[in-house]
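Colleague: I would be grateful for a guided introduction to this structure, taken one question at a time.

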Amino acid sequence: MAATVFIGAGAGFAGDRTDAAGPVAEALAACPGPRFLMFETLAERTLALSQLDRQRDPDRGFNPALDRFVGPVLACCLREKIRIVGNFGAANPAAAAARIRGMAREQGLPEPTIAIVEGDDLTGLISADELATRETNGSILRGATKIIAANLYLGAEPIARALDQGADIVVTGRVADSALALGPLIHVFGWKYDDWDRLAAGTLAGHLLECGSQITGGYFADPPFKNVPGMADLGYPIAEIDADGGMVITKPAGTGGCVDRLTVIEQLLYEIHDPSAYLAPDVVLDVTGVMVEQLTSDRVRVTGARGKPAPETLKATVCVDGGVLGEAEISYAGPNAAARARLAAEIISARMSRRAPGLVFRIDAIGVVSVLGENGGTLLRPWDSHLPDVRLRFAAQSAMVADVELLLDEVEALYCAGPAGGSGVRRRLTPRLASASCLIERKFAAPRVTLLGDRA
Amino acid sequence: MTPATVTLHDIANARSGDKGNRLNIALVCRDPAHYPAVAEQITAERVAEAFAARKPSRVVRYDLPKLSAFNFVLDDVLEGGVNASLGLDGHGKSLSFLLLEIPLQIPKQGGSKS
(Lines give C-alpha, C1' and ligand atoms only; values in the text may rest on other atoms or scores of the structure.)
Protein backbone atom coordinates (compact mmCIF):
# COMPACT_ATOMS: atom_id res chain seq x y z
CA MET A 1 0.00 0.00 0.00
CA ALA A 2 1.13 3.54 -0.73
CA ALA A 3 2.60 5.46 2.18
CA THR A 4 1.36 8.87 1.10
CA VAL A 5 -1.38 10.10 -1.20
CA PHE A 6 -1.02 13.49 -2.89
CA ILE A 7 -4.16 15.47 -3.64
CA GLY A 8 -4.05 18.89 -5.25
CA ALA A 9 -6.85 21.39 -5.71
CA GLY A 10 -7.27 22.89 -9.18
CA ALA A 11 -10.28 25.07 -8.39
CA GLY A 12 -12.20 26.10 -5.31
CA PHE A 13 -15.33 27.57 -6.89
CA ALA A 14 -17.11 27.89 -10.21
CA GLY A 15 -15.58 31.27 -10.98
CA ASP A 16 -12.05 30.41 -9.89
CA ARG A 17 -8.84 31.13 -11.80
CA THR A 18 -8.62 28.68 -14.68
CA ASP A 19 -4.82 28.80 -14.91
CA ALA A 20 -4.31 27.69 -11.31
CA ALA A 21 -4.42 23.93 -11.92
CA GLY A 22 -1.38 23.88 -14.24
CA PRO A 23 1.31 24.42 -11.60
CA VAL A 24 -0.51 22.01 -9.26
CA ALA A 25 -0.53 19.27 -11.90
CA GLU A 26 3.17 19.84 -12.63
CA ALA A 27 4.00 19.64 -8.92
CA LEU A 28 1.89 16.50 -8.50
CA ALA A 29 3.76 14.89 -11.40
CA ALA A 30 6.92 14.99 -9.28
CA CYS A 31 5.26 13.51 -6.17
CA PRO A 32 6.18 9.90 -5.25
CA GLY A 33 2.82 8.21 -4.80
CA PRO A 34 -0.77 8.11 -6.00
CA ARG A 35 -1.72 11.58 -7.27
CA PHE A 36 -5.14 13.21 -7.64
CA LEU A 37 -6.29 16.62 -8.81
CA MET A 38 -9.67 17.75 -7.52
CA PHE A 39 -11.92 20.50 -8.84
CA GLU A 40 -14.69 21.94 -6.68
CA THR A 41 -16.85 24.16 -8.86
CA LEU A 42 -20.39 23.75 -7.56
CA ALA A 43 -21.81 26.34 -5.17
CA GLU A 44 -25.32 25.99 -3.76
CA ARG A 45 -27.01 27.93 -6.53
CA THR A 46 -24.78 26.83 -9.38
CA LEU A 47 -26.51 23.50 -9.74
CA ALA A 48 -29.95 25.01 -10.23
CA LEU A 49 -28.58 27.36 -12.88
CA SER A 50 -27.03 24.32 -14.58
CA GLN A 51 -30.38 22.52 -14.41
CA LEU A 52 -31.96 25.42 -16.29
CA ASP A 53 -29.14 25.22 -18.88
CA ARG A 54 -29.83 21.53 -19.36
CA GLN A 55 -33.55 22.15 -19.86
CA ARG A 56 -32.66 24.53 -22.70
CA ASP A 57 -30.05 22.20 -24.23
CA PRO A 58 -29.74 18.51 -23.23
CA ASP A 59 -26.00 18.56 -24.04
CA ARG A 60 -25.35 21.38 -21.57
CA GLY A 61 -25.88 21.70 -17.84
CA PHE A 62 -22.29 21.17 -16.72
CA ASN A 63 -19.84 23.85 -15.62
CA PRO A 64 -19.46 26.22 -18.58
CA ALA A 65 -15.76 26.71 -17.77
CA LEU A 66 -15.06 22.94 -17.99
CA ASP A 67 -12.83 23.35 -21.06
CA ARG A 68 -10.81 26.09 -19.41
CA PHE A 69 -10.42 24.18 -16.13
CA VAL A 70 -9.56 20.75 -17.52
CA GLY A 71 -8.22 21.45 -21.01
CA PRO A 72 -4.85 22.90 -19.93
CA VAL A 73 -4.00 20.01 -17.57
CA LEU A 74 -5.52 17.04 -19.38
CA ALA A 75 -2.35 16.00 -21.23
CA CYS A 76 -0.15 16.28 -18.14
CA CYS A 77 -2.64 14.39 -15.96
CA LEU A 78 -3.10 11.50 -18.40
CA ARG A 79 0.64 11.22 -19.07
CA GLU A 80 1.61 11.33 -15.38
CA LYS A 81 -1.34 9.23 -14.14
CA ILE A 82 -2.74 12.06 -12.08
CA ARG A 83 -6.39 11.17 -11.69
CA ILE A 84 -8.92 13.98 -11.86
CA VAL A 85 -11.99 14.16 -9.60
CA GLY A 86 -14.39 17.03 -10.13
CA ASN A 87 -17.97 18.03 -9.46
CA PHE A 88 -18.00 20.08 -12.66
CA GLY A 89 -20.61 17.67 -14.00
CA ALA A 90 -23.21 19.80 -12.18
CA ALA A 91 -26.65 18.93 -13.58
CA ASN A 92 -25.29 16.81 -16.42
CA PRO A 93 -22.21 14.72 -15.51
CA ALA A 94 -22.66 12.48 -18.56
CA ALA A 95 -22.45 15.45 -20.93
CA ALA A 96 -19.39 16.76 -19.08
CA ALA A 97 -17.74 13.35 -19.42
CA ALA A 98 -18.46 13.30 -23.15
CA ARG A 99 -16.99 16.78 -23.45
CA ILE A 100 -13.79 15.70 -21.66
CA ARG A 101 -13.49 12.76 -24.06
CA GLY A 102 -13.92 15.28 -26.86
CA MET A 103 -11.13 17.42 -25.44
CA ALA A 104 -8.81 14.41 -25.26
CA ARG A 105 -9.53 13.61 -28.92
CA GLU A 106 -8.98 17.21 -30.00
CA GLN A 107 -5.62 17.23 -28.20
CA GLY A 108 -4.60 13.89 -29.74
CA LEU A 109 -4.42 12.16 -26.36
CA PRO A 110 -5.12 8.50 -25.62
CA GLU A 111 -8.76 7.82 -24.75
CA PRO A 112 -9.17 8.28 -20.98
CA THR A 113 -11.40 6.11 -18.82
CA ILE A 114 -14.05 8.50 -17.56
CA ALA A 115 -16.51 7.59 -14.80
CA ILE A 116 -19.82 9.32 -14.26
CA VAL A 117 -21.31 9.56 -10.77
CA GLU A 118 -25.06 10.13 -10.63
CA GLY A 119 -27.89 9.69 -8.20
CA ASP A 120 -27.82 13.07 -6.51
CA ASP A 121 -30.82 14.35 -8.49
CA LEU A 122 -33.98 13.91 -6.43
CA THR A 123 -36.44 15.26 -8.97
CA GLY A 124 -38.88 12.50 -9.86
CA LEU A 125 -38.01 10.58 -6.69
CA ILE A 126 -39.68 12.81 -4.16
CA SER A 127 -42.52 15.30 -4.47
CA ALA A 128 -42.45 19.01 -3.73
CA ASP A 129 -44.74 18.44 -0.76
CA GLU A 130 -42.49 15.72 0.63
CA LEU A 131 -39.49 18.03 0.27
CA ALA A 132 -41.36 20.83 2.05
CA THR A 133 -41.91 18.63 5.11
CA ARG A 134 -38.17 17.95 5.23
CA GLU A 135 -37.02 21.56 4.98
CA THR A 136 -34.76 22.77 7.80
CA ASN A 137 -34.71 26.33 9.15
CA GLY A 138 -37.25 27.85 6.82
CA SER A 139 -40.41 27.53 4.83
CA ILE A 140 -39.35 28.46 1.32
CA LEU A 141 -40.79 25.21 -0.06
CA ARG A 142 -44.20 25.45 1.57
CA GLY A 143 -46.73 25.79 -1.23
CA ALA A 144 -44.04 25.63 -3.93
CA THR A 145 -45.25 23.66 -6.92
CA LYS A 146 -42.30 23.78 -9.30
CA ILE A 147 -38.95 22.51 -8.08
CA ILE A 148 -36.12 23.68 -10.35
CA ALA A 149 -33.45 21.49 -8.77
CA ALA A 150 -33.27 19.14 -5.80
CA ASN A 151 -29.94 17.45 -5.18
CA LEU A 152 -28.60 15.28 -2.41
CA TYR A 153 -25.05 15.66 -1.21
CA LEU A 154 -23.62 12.25 -2.04
CA GLY A 155 -20.63 10.95 -0.14
CA ALA A 156 -17.25 9.52 -1.08
CA GLU A 157 -18.31 5.94 -1.78
CA PRO A 158 -19.29 6.35 -5.47
CA ILE A 159 -16.06 8.28 -6.12
CA ALA A 160 -13.98 5.51 -4.52
CA ARG A 161 -15.98 2.94 -6.52
CA ALA A 162 -15.31 4.83 -9.77
CA LEU A 163 -11.58 4.89 -9.03
CA ASP A 164 -11.71 1.16 -8.13
CA GLN A 165 -13.11 0.62 -11.64
CA GLY A 166 -10.05 2.28 -13.13
CA ALA A 167 -11.32 5.75 -13.90
CA ASP A 168 -8.70 8.28 -14.93
CA ILE A 169 -11.30 11.00 -14.50
CA VAL A 170 -14.35 10.99 -12.21
CA VAL A 171 -17.13 13.41 -13.08
CA THR A 172 -19.78 14.06 -10.46
CA GLY A 173 -22.75 16.29 -9.87
CA ARG A 174 -23.60 17.19 -6.30
CA VAL A 175 -21.36 15.46 -3.78
CA ALA A 176 -20.08 16.81 -0.49
CA ASP A 177 -17.12 18.99 -1.45
CA SER A 178 -14.88 17.10 0.95
CA ALA A 179 -15.81 13.77 -0.71
CA LEU A 180 -13.69 14.83 -3.70
CA ALA A 181 -10.65 14.11 -1.50
CA LEU A 182 -12.09 11.42 0.77
CA GLY A 183 -13.07 9.25 -2.23
CA PRO A 184 -9.48 8.94 -3.51
CA LEU A 185 -8.22 8.22 0.03
CA ILE A 186 -10.74 5.41 0.54
CA HIS A 187 -9.76 4.04 -2.86
CA VAL A 188 -6.02 4.01 -2.14
CA PHE A 189 -5.93 3.14 1.56
CA GLY A 190 -8.99 0.89 1.67
CA TRP A 191 -10.39 2.74 4.67
CA LYS A 192 -13.54 1.09 6.01
CA TYR A 193 -16.85 2.94 6.07
CA ASP A 194 -16.98 2.71 9.87
CA ASP A 195 -13.38 3.80 10.46
CA TRP A 196 -14.66 7.12 11.74
CA ASP A 197 -11.38 8.78 12.67
CA ARG A 198 -9.79 8.09 9.29
CA LEU A 199 -12.95 9.10 7.43
CA ALA A 200 -12.88 12.28 9.52
CA ALA A 201 -9.26 12.93 8.56
CA GLY A 202 -10.06 12.46 4.88
CA THR A 203 -13.05 14.77 5.23
CA LEU A 204 -10.82 17.34 6.89
CA ALA A 205 -8.31 17.06 4.03
CA GLY A 206 -11.12 17.67 1.58
CA HIS A 207 -12.44 20.58 3.61
CA LEU A 208 -8.99 22.19 3.67
CA LEU A 209 -8.59 21.75 -0.10
CA GLU A 210 -12.10 22.45 -1.31
CA CYS A 211 -11.75 26.24 -1.50
CA GLY A 212 -8.49 26.13 -3.43
CA SER A 213 -6.34 29.15 -2.65
CA GLN A 214 -8.31 30.03 0.49
CA ILE A 215 -5.69 27.98 2.34
CA THR A 216 -2.63 29.25 0.47
CA GLY A 217 -3.02 32.97 1.03
CA GLY A 218 -6.15 33.68 -0.98
CA TYR A 219 -8.88 35.58 0.85
CA PHE A 220 -6.35 36.30 3.58
CA ALA A 221 -4.32 39.41 2.78
CA ASP A 222 -4.93 42.55 4.84
CA PRO A 223 -1.72 44.56 4.45
CA PRO A 224 0.26 45.40 6.48
CA PHE A 225 -1.36 43.22 9.18
CA LYS A 226 -1.50 40.11 7.02
CA ASN A 227 0.86 40.18 4.06
CA VAL A 228 0.73 37.61 1.28
CA PRO A 229 3.45 37.54 -1.38
CA GLY A 230 2.73 36.96 -5.06
CA MET A 231 -1.05 37.13 -5.04
CA ALA A 232 -1.19 37.56 -8.80
CA ASP A 233 0.23 34.03 -9.08
CA LEU A 234 -1.20 32.21 -6.06
CA GLY A 235 -0.17 28.59 -5.79
CA TYR A 236 -3.12 26.29 -5.13
CA PRO A 237 -2.84 23.70 -2.37
CA ILE A 238 -1.55 20.16 -2.29
CA ALA A 239 -2.26 17.84 0.65
CA GLU A 240 0.05 14.93 1.44
CA ILE A 241 -1.99 12.43 3.42
CA ASP A 242 -0.76 9.29 5.14
CA ALA A 243 -2.66 6.04 5.78
CA ASP A 244 -3.52 7.05 9.34
CA GLY A 245 -4.97 10.38 8.25
CA GLY A 246 -2.14 12.71 9.20
CA MET A 247 -1.51 15.33 6.57
CA VAL A 248 0.76 18.12 5.41
CA ILE A 249 -0.61 21.07 3.46
CA THR A 250 1.75 22.68 0.97
CA LYS A 251 1.76 24.32 -2.46
CA PRO A 252 3.80 24.13 -5.67
CA ALA A 253 7.34 25.55 -5.45
CA GLY A 254 7.81 28.84 -7.26
CA THR A 255 4.20 29.97 -6.93
CA GLY A 256 2.85 32.94 -4.99
CA GLY A 257 0.90 32.87 -1.77
CA CYS A 258 1.83 31.23 1.50
CA VAL A 259 0.85 28.30 3.68
CA ASP A 260 1.21 28.94 7.38
CA ARG A 261 -0.51 28.19 10.66
CA LEU A 262 -2.89 31.13 10.26
CA THR A 263 -3.92 30.50 6.63
CA VAL A 264 -4.66 26.89 7.55
CA ILE A 265 -6.70 27.71 10.67
CA GLU A 266 -8.85 30.26 8.82
CA GLN A 267 -9.78 27.66 6.22
CA LEU A 268 -10.15 24.92 8.84
CA LEU A 269 -13.03 26.84 10.43
CA TYR A 270 -14.53 28.16 7.20
CA GLU A 271 -18.29 27.50 7.00
CA ILE A 272 -18.13 25.33 10.11
CA HIS A 273 -20.76 25.71 12.80
CA ASP A 274 -20.26 23.41 15.80
CA PRO A 275 -16.56 22.48 15.52
CA SER A 276 -17.22 19.19 17.31
CA ALA A 277 -19.89 18.14 14.81
CA TYR A 278 -19.33 19.10 11.17
CA LEU A 279 -21.84 16.95 9.32
CA ALA A 280 -20.67 15.22 6.16
CA PRO A 281 -22.40 12.34 4.36
CA ASP A 282 -19.80 9.77 5.48
CA VAL A 283 -18.89 10.91 8.99
CA VAL A 284 -19.38 13.61 11.59
CA LEU A 285 -16.08 15.47 11.83
CA ASP A 286 -14.81 16.83 15.15
CA VAL A 287 -12.00 19.39 14.73
CA THR A 288 -11.75 20.41 18.38
CA GLY A 289 -8.63 18.28 18.87
CA VAL A 290 -6.92 19.27 15.64
CA MET A 291 -3.32 20.49 15.91
CA VAL A 292 -1.82 22.78 13.27
CA GLU A 293 1.95 22.94 13.20
CA GLN A 294 4.26 24.85 10.88
CA LEU A 295 7.04 22.48 9.73
CA THR A 296 9.00 24.66 7.32
CA SER A 297 8.18 27.47 4.96
CA ASP A 298 4.89 26.67 3.18
CA ARG A 299 4.53 23.28 4.89
CA VAL A 300 1.98 22.87 7.67
CA ARG A 301 1.16 19.61 9.45
CA VAL A 302 -2.47 18.98 10.46
CA THR A 303 -3.36 16.11 12.81
CA GLY A 304 -5.98 15.10 15.32
CA ALA A 305 -9.25 14.94 13.38
CA ARG A 306 -11.76 12.72 15.13
CA GLY A 307 -14.89 11.14 13.73
CA LYS A 308 -18.31 10.08 14.90
CA PRO A 309 -20.80 7.86 13.04
CA ALA A 310 -22.30 9.28 9.86
CA PRO A 311 -25.59 11.19 10.18
CA GLU A 312 -28.84 9.29 9.64
CA THR A 313 -29.97 11.72 6.98
CA LEU A 314 -28.36 13.44 4.01
CA LYS A 315 -28.52 17.12 3.20
CA ALA A 316 -30.16 18.25 -0.01
CA THR A 317 -30.31 21.67 -1.60
CA VAL A 318 -33.61 22.48 -3.26
CA CYS A 319 -34.14 25.46 -5.53
CA VAL A 320 -37.39 27.07 -6.55
CA ASP A 321 -38.18 30.18 -8.56
CA GLY A 322 -37.43 33.31 -6.55
CA GLY A 323 -38.84 35.98 -8.84
CA VAL A 324 -36.51 38.70 -10.03
CA LEU A 325 -33.97 40.96 -8.36
CA GLY A 326 -33.95 44.50 -9.70
CA GLU A 327 -31.11 46.91 -9.00
CA ALA A 328 -30.63 50.48 -10.16
CA GLU A 329 -27.91 52.98 -9.26
CA ILE A 330 -27.36 56.70 -9.72
CA SER A 331 -24.50 59.00 -8.63
CA TYR A 332 -24.40 62.47 -7.08
CA ALA A 333 -21.02 64.21 -6.77
CA GLY A 334 -19.41 67.46 -5.72
CA PRO A 335 -20.71 70.16 -3.35
CA ASN A 336 -23.81 69.15 -1.40
CA ALA A 337 -23.82 65.67 -2.97
CA ALA A 338 -25.35 64.05 0.10
CA ALA A 339 -28.33 66.39 0.25
CA ARG A 340 -29.11 65.78 -3.41
CA ALA A 341 -28.75 62.02 -2.94
CA ARG A 342 -31.05 62.13 0.05
CA LEU A 343 -33.64 64.05 -1.95
CA ALA A 344 -33.42 61.42 -4.69
CA ALA A 345 -34.08 58.68 -2.15
CA GLU A 346 -37.08 60.60 -0.80
CA ILE A 347 -38.51 61.10 -4.30
CA ILE A 348 -38.27 57.38 -5.08
CA SER A 349 -39.82 56.44 -1.73
CA ALA A 350 -42.73 58.82 -2.28
CA ARG A 351 -43.46 57.67 -5.81
CA MET A 352 -43.10 53.95 -5.05
CA SER A 353 -45.41 54.21 -2.06
CA ARG A 354 -48.10 55.43 -4.48
CA ARG A 355 -47.33 53.26 -7.50
CA ALA A 356 -46.34 49.91 -5.93
CA PRO A 357 -47.10 50.18 -2.22
CA GLY A 358 -46.53 46.49 -1.53
CA LEU A 359 -42.99 46.35 -2.88
CA VAL A 360 -40.22 46.20 -0.29
CA PHE A 361 -37.08 47.88 -1.53
CA ARG A 362 -33.73 48.79 -0.10
CA ILE A 363 -31.60 51.90 -0.49
CA ASP A 364 -27.82 51.87 -0.13
CA ALA A 365 -25.35 54.72 -0.36
CA ILE A 366 -22.35 52.98 -1.85
CA GLY A 367 -19.07 54.06 -0.31
CA VAL A 368 -20.87 55.48 2.73
CA VAL A 369 -23.13 52.82 4.09
CA SER A 370 -24.03 49.88 1.91
CA VAL A 371 -22.41 46.68 3.02
CA LEU A 372 -22.36 46.64 6.80
CA GLY A 373 -25.41 48.88 7.29
CA GLU A 374 -28.50 49.71 5.31
CA ASN A 375 -31.04 52.39 4.51
CA GLY A 376 -28.62 54.97 3.14
CA GLY A 377 -31.38 57.58 2.85
CA THR A 378 -31.47 58.19 6.59
CA LEU A 379 -27.91 57.26 7.43
CA LEU A 380 -26.48 59.83 5.05
CA ARG A 381 -27.21 62.73 7.41
CA PRO A 382 -24.19 62.68 9.72
CA TRP A 383 -21.86 62.46 6.71
CA ASP A 384 -23.29 65.35 4.71
CA SER A 385 -20.35 67.72 4.79
CA HIS A 386 -17.69 65.09 4.08
CA LEU A 387 -18.96 63.34 0.99
CA PRO A 388 -17.18 63.91 -2.32
CA ASP A 389 -19.61 61.60 -4.08
CA VAL A 390 -22.49 59.30 -3.31
CA ARG A 391 -23.77 56.44 -5.40
CA LEU A 392 -27.29 55.44 -4.50
CA ARG A 393 -28.42 51.90 -5.08
CA PHE A 394 -32.02 50.77 -5.02
CA ALA A 395 -32.88 47.06 -4.90
CA ALA A 396 -36.05 44.99 -4.77
CA GLN A 397 -36.98 41.37 -5.27
CA SER A 398 -40.41 40.03 -6.14
CA ALA A 399 -42.34 37.58 -8.28
CA MET A 400 -44.27 40.68 -9.45
CA VAL A 401 -41.79 41.57 -12.19
CA ALA A 402 -43.73 44.67 -13.25
CA ASP A 403 -43.38 46.19 -9.77
CA VAL A 404 -39.63 45.61 -9.77
CA GLU A 405 -39.31 47.12 -13.24
CA LEU A 406 -41.28 50.11 -12.04
CA LEU A 407 -38.65 50.77 -9.37
CA LEU A 408 -35.93 50.71 -12.00
CA ASP A 409 -37.95 53.01 -14.25
CA GLU A 410 -38.38 55.47 -11.39
CA VAL A 411 -34.65 55.55 -10.72
CA GLU A 412 -33.93 56.11 -14.40
CA ALA A 413 -36.47 58.95 -14.48
CA LEU A 414 -34.31 60.76 -11.90
CA TYR A 415 -32.06 61.63 -14.84
CA CYS A 416 -34.46 64.48 -15.70
CA ALA A 417 -37.08 64.59 -12.97
CA GLY A 418 -34.69 64.21 -10.01
CA PRO A 419 -32.20 66.43 -8.17
CA ALA A 420 -29.44 68.32 -10.02
CA GLY A 421 -26.43 66.45 -11.29
CA GLY A 422 -27.77 62.89 -11.11
CA SER A 423 -25.52 60.75 -13.30
CA GLY A 424 -24.50 57.29 -14.41
CA VAL A 425 -27.73 55.32 -14.08
CA ARG A 426 -27.22 51.59 -14.41
CA ARG A 427 -30.11 49.15 -14.08
CA ARG A 428 -30.27 45.39 -14.03
CA LEU A 429 -32.94 42.74 -13.69
CA THR A 430 -31.70 39.26 -12.65
CA PRO A 431 -33.81 36.09 -12.34
CA ARG A 432 -33.52 34.75 -8.82
CA LEU A 433 -33.58 31.29 -7.35
CA ALA A 434 -34.66 30.68 -3.79
CA SER A 435 -32.82 27.81 -2.14
CA ALA A 436 -33.72 25.66 0.82
CA SER A 437 -31.93 22.93 2.75
CA CYS A 438 -33.66 19.64 3.46
CA LEU A 439 -32.69 16.55 5.41
CA ILE A 440 -33.47 13.42 3.41
CA GLU A 441 -33.53 9.76 4.44
CA ARG A 442 -30.74 7.64 3.02
CA LYS A 443 -33.20 5.37 1.19
CA PHE A 444 -33.40 8.08 -1.48
CA ALA A 445 -29.65 7.89 -2.12
CA ALA A 446 -28.65 5.28 -4.67
CA PRO A 447 -25.48 6.59 -6.25
CA ARG A 448 -24.71 5.13 -9.68
CA VAL A 449 -21.28 4.83 -11.27
CA THR A 450 -20.96 4.20 -14.99
CA LEU A 451 -17.98 4.34 -17.32
CA LEU A 452 -18.48 6.58 -20.30
CA GLY A 453 -17.83 3.93 -22.95
CA ASP A 454 -20.31 1.53 -21.33
CA ARG A 455 -23.22 3.90 -21.76
CA ALA A 456 -25.67 3.50 -24.58
CA MET B 1 1.03 45.80 34.14
CA THR B 2 -1.39 48.36 32.68
CA PRO B 3 -3.63 47.12 29.89
CA ALA B 4 -3.71 48.69 26.43
CA THR B 5 -6.87 49.21 24.39
CA VAL B 6 -6.73 47.77 20.87
CA THR B 7 -9.28 46.47 18.39
CA LEU B 8 -9.57 42.81 17.45
CA HIS B 9 -8.22 43.82 14.06
CA ASP B 10 -4.90 44.69 15.70
CA ILE B 11 -4.38 41.21 17.14
CA ALA B 12 -6.59 38.70 15.35
CA ASN B 13 -7.73 37.39 11.97
CA ALA B 14 -11.30 36.63 10.98
CA ARG B 15 -13.09 34.89 8.11
CA SER B 16 -16.83 34.68 7.45
CA GLY B 17 -18.72 31.74 6.03
CA ASP B 18 -22.41 31.41 5.24
CA LYS B 19 -25.01 28.65 5.09
CA GLY B 20 -28.48 29.90 4.32
CA ASN B 21 -29.34 32.66 6.79
CA ARG B 22 -26.64 31.58 9.24
CA LEU B 23 -23.22 33.21 9.45
CA ASN B 24 -20.09 31.88 11.06
CA ILE B 25 -17.02 33.94 11.76
CA ALA B 26 -13.77 32.26 12.69
CA LEU B 27 -11.63 34.49 14.90
CA VAL B 28 -7.97 33.49 15.19
CA CYS B 29 -5.44 35.13 17.51
CA ARG B 30 -2.25 35.92 15.62
CA ASP B 31 -0.31 35.50 18.87
CA PRO B 32 -1.64 32.69 21.08
CA ALA B 33 -0.74 34.86 24.11
CA HIS B 34 -3.83 36.98 23.38
CA TYR B 35 -6.24 34.03 23.61
CA PRO B 36 -7.18 34.54 27.29
CA ALA B 37 -7.98 38.25 26.84
CA VAL B 38 -10.18 37.50 23.85
CA ALA B 39 -11.84 34.61 25.67
CA GLU B 40 -12.67 36.83 28.59
CA GLN B 41 -13.91 39.90 26.72
CA ILE B 42 -15.27 38.84 23.33
CA THR B 43 -18.24 36.91 24.62
CA ALA B 44 -21.24 35.83 22.56
CA GLU B 45 -23.19 38.65 24.23
CA ARG B 46 -20.56 41.22 23.22
CA VAL B 47 -20.69 40.00 19.62
CA ALA B 48 -24.50 40.03 19.60
CA GLU B 49 -24.29 43.67 20.68
CA ALA B 50 -21.88 44.53 17.85
CA PHE B 51 -24.26 42.90 15.36
CA ALA B 52 -27.43 44.37 16.88
CA ALA B 53 -28.35 46.10 13.61
CA ARG B 54 -28.58 42.65 12.00
CA LYS B 55 -30.88 41.38 14.77
CA PRO B 56 -29.29 37.97 15.44
CA SER B 57 -31.78 35.48 16.88
CA ARG B 58 -28.92 33.58 18.51
CA VAL B 59 -25.15 33.92 18.87
CA VAL B 60 -23.01 30.99 19.99
CA ARG B 61 -19.27 31.05 20.63
CA TYR B 62 -17.28 27.84 20.27
CA ASP B 63 -13.80 27.83 21.80
CA LEU B 64 -10.82 26.18 20.11
CA PRO B 65 -7.93 26.66 22.55
CA LYS B 66 -5.59 24.34 20.62
CA LEU B 67 -5.90 26.66 17.62
CA SER B 68 -6.01 29.92 19.64
CA ALA B 69 -9.29 30.46 17.84
CA PHE B 70 -13.02 30.91 18.34
CA ASN B 71 -15.95 30.21 16.09
CA PHE B 72 -18.95 32.52 16.33
CA VAL B 73 -22.22 31.33 14.84
CA LEU B 74 -24.87 34.00 14.29
CA ASP B 75 -28.39 32.97 13.29
CA ASP B 76 -30.67 34.98 11.00
CA VAL B 77 -28.26 37.83 10.26
CA LEU B 78 -28.00 37.50 6.47
CA GLU B 79 -31.30 39.06 5.44
CA GLY B 80 -32.50 35.65 4.30
CA GLY B 81 -29.18 34.51 2.85
CA VAL B 82 -27.42 34.97 -0.45
CA ASN B 83 -30.44 34.05 -2.57
CA ALA B 84 -32.87 36.33 -0.77
CA SER B 85 -30.93 39.34 0.54
CA LEU B 86 -31.40 42.70 -1.17
CA GLY B 87 -27.99 43.80 0.08
CA LEU B 88 -24.76 43.87 -1.89
CA ASP B 89 -23.07 41.34 0.37
CA GLY B 90 -25.62 38.57 0.63
CA HIS B 91 -22.95 36.12 1.78
CA GLY B 92 -22.01 38.31 4.72
CA LYS B 93 -18.37 37.97 3.69
CA SER B 94 -17.53 41.48 4.88
CA LEU B 95 -19.09 40.94 8.30
CA SER B 96 -15.84 39.43 9.59
CA PHE B 97 -14.53 42.99 9.57
CA LEU B 98 -17.46 44.22 11.62
CA LEU B 99 -16.36 41.74 14.27
CA LEU B 100 -12.78 42.98 13.99
CA GLU B 101 -13.87 46.52 14.91
CA ILE B 102 -14.68 45.45 18.48
CA PRO B 103 -12.27 46.99 21.01
CA LEU B 104 -10.69 45.05 23.85
CA GLN B 105 -7.97 45.43 26.42
CA ILE B 106 -4.79 43.41 26.30
CA PRO B 107 -1.83 43.29 28.68
CA LYS B 108 0.79 45.81 27.54
CA GLN B 109 3.79 44.30 25.73
CA GLY B 110 7.41 45.06 26.52
CA GLY B 111 6.78 46.22 30.09
CA SER B 112 8.90 45.56 33.13
CA LYS B 113 9.93 41.94 33.58
CA SER B 114 9.92 42.12 37.33
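Modeller: The residues lining the largest cavity comprise 4 nonpolar, 2 polar and 2 charged. Here Ala, Val, Leu, Ile, Met, Phe, Trp, Tyr, Cys and Pro count as nonpolar, Asp, Glu, Lys and Arg as charged, and the others, Gly among them, as polar. This is a predicted model, in which local features need pLDDT of at least 70 and side-chain atom pairs count only at pLDDT 80 or more, while totals for chains, interfaces and linings use all residues. Residues are numbered from 1 along each chain as its sequence is written, chains are lettered from A and ligands numbered from 1 in the order in which they are written, and side-chain values use heavy atoms, with hydrogens and water left out.

Colleague: Which element gives the largest share of the lining of the largest cavity?

Modeller: On a 1 Å grid over the protein atoms alone, a cavity is a set of points where a 1.4 Å probe fits but cannot get out, a pocket is an open set with protein on both sides within 12 Å along at least five of seven lines, and lining residues have an atom within 4 Å of a point. Among the residues lining the largest cavity are Thr317(A), Val318(A) and Cys319(A). Strands (E, at least two residues) and helices (H or I, at least four) are DSSP runs, numbered from the N terminus. Both β6 (147–152) and β15 of chain A supply at least two lining residues, and the largest share, 3 residues, comes from β15(A).

Colleague: What is the volume of the second largest pocket?

Modeller: Its lining has 17 residues, with Arg45(A), Leu325(A), Thr430(A), Arg432(A) and Val82(B) nearest the centre. By class, that lining holds 7 nonpolar, 5 polar and 5 charged residues. A volume is the space filled by probe spheres set on the grid points, which are joined across faces, edges and corners. For the second largest pocket, the volume is about 310 Å³.

Colleague: What percentage of the residues in chain B is buried?

Modeller: Chain B has 4 helices and 6 strands, in the order β-α-β-β-α-α-β-β-α-β from the N terminus. Buried means under 20% relative accessible area, exposed over 50%, and partly exposed in between (1.4 Å probe, protein chains only). Of the 114 residues in chain B, the buried share is 53%.

Colleague: What average pLDDT does chain B have?

Modeller: The pLDDT is the predictor's confidence in each residue, from 0 to 100. In chain B, 94% of the residues score at least 70. The average for chain B is 91.
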